[in-house]
Amino acid sequence: MSETKPLPESVLISESRLQDRIRELGAQIFTDYENQELVLLGVLRGSVLFFADLARAIFRAQLADQGREVALRFEFVQLVSYHDNTKPSAVQLIHGGSDYLKQRHVLVVEDIVDTGQTLKFLHEHLQTLDPKTVKVCTLLDRPFQRQVSVAIDYTGFEIPDAFVVGYGLDHAQRYRNLPYIAVLEST
Ligand code: PRP
């Protein structure tokens with residue numbers, strides 16, 4: 001067992017702020033897709049906690065608006081670009097998703113958009129699966145290192161140029177299970 005390291009101290013977005021904003025995003029997405037089927041397409045691995053809470057937030061919006069619904073289906077792709085480092089490298093497709101996306105409304109669920117290379121790569125890949133529509137929901141938008149222009153339809157928080165971890169985001173696979181977003185200070 002390696003030496004235990006302290007948790008990152010600097011909380012950027014608290015658990016309650018995250019959950020409040022996700023509730024708002026869920027209500028907005030419910031309104032925009034009501035009475036339609038929607039494929040939530042999670043981008044593994046970083047989006048898992050956000051994906052799970054967003055899916056529940058969409059259902060809670062439905063409970064508050066009886067008679068209408070959004071029929072959700074869960075699908076996943078896996079892309080990697082960081083390779084256990086803090087600087088992005090070439091995007092690699094690990095798992096490409098299913099044929100179910102054909103002629104469906106798809107909402108890509110991301111934890112963070114940084115350079116934009118992952119989303120650009122994913123958009124090009126999704127075109128081969130022939131979806132009806134594709135929109136993007138990201139919890140975090142860090143625009144300072146953007147290399148390619150990408151359209152984002154739903155954003156949780158725009159964040160400053162700092163390396164963040166927690167709530168799905170990692171550094172060398174650590175910290176994904178923090179329930180808040182923190183700044184990793186020693187990178
Ligand atoms: C992270 C994050 C996004 C991507 C964003 O994934 O989850 O998918 O980087 O960066 P970009 O806009 O610069 O492309 P990562 O490659 O670290 O894999 P992970 O989701 O497994 O942590």
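Predicted model: local features only at pLDDT ≥ 70, side-chain atom pairs only at ≥ 80, totals over all residues.

Trainee: Is F51 buried or exposed?

Mentor: F51 counts as buried, because its relative accessibility is 4% and the cut-off for buried is under 20%.

Trainee: And how many aromatic pairs are there in the whole structure?

Mentor: A search turns up 2. F51 and F74 make an edge-to-face pair, 4.8 Å centre to centre with 80 degrees between the planes. That pair links helix α2 to strand β3, 23 residues apart.

Trainee: What about the rings of F51 and F76?

Mentor: Their centres are 4.8 Å apart and the planes sit at 40 degrees, so that pair is tilted. F51 lies in helix α2 and F76 in strand β3, so parts 25 residues apart in sequence are tied together. F51, F74 and F76 form one aromatic cluster.

Trainee: Switching topic: which charged ends sit over the ring of Y100?

Mentor: R73 has its charged end 3.4 Å from the ring centre, and R104 has its own at 4.1 Å.

Trainee: OK, now the ligand. Which polar atoms lie by its oxygen atoms?

Mentor: A polar side-chain atom of E110 lies 2.7 Å from a ligand oxygen. On the backbone side, a polar atom of D114 is 2.8 Å from a ligand oxygen, and a backbone N or O of G46 is at 2.9 Å. The protein covers 95% of the 500 Å² of accessible area the ligand has on its own.

Trainee: Which element gives the most to the shell?

Mentor: β5, with 4 residues. The shell divides into 6 nonpolar, 6 polar and 6 charged residues.

Key
Residues numbered from 1 in each chain as written. Heavy atoms only, no water. Polar contact = N/O pair within 3.5 Å; in protein donor to acceptor, adjacent residues only side chain to side chain. Areas by Shrake-Rupley, 256 points an atom, 1.4 Å probe, with all protein chains shown as cover. Helix = DSSP H or I, 4+ residues; strand = E, 2+ residues; numbered from the N terminus. Nonpolar A, V, L, I, M, F, W, Y, C, P; charged D, E, K, R; others polar. Phe/Tyr/Trp six-rings, centres within 6.5 Å; stacked < 30°, edge-to-face > 60°. Buried < 20%, exposed > 50% of the residue type's maximum accessible area, 1.4 Å probe, protein only. Lys NZ or Arg CZ within 6 Å of the ring centre and 35° of its normal.
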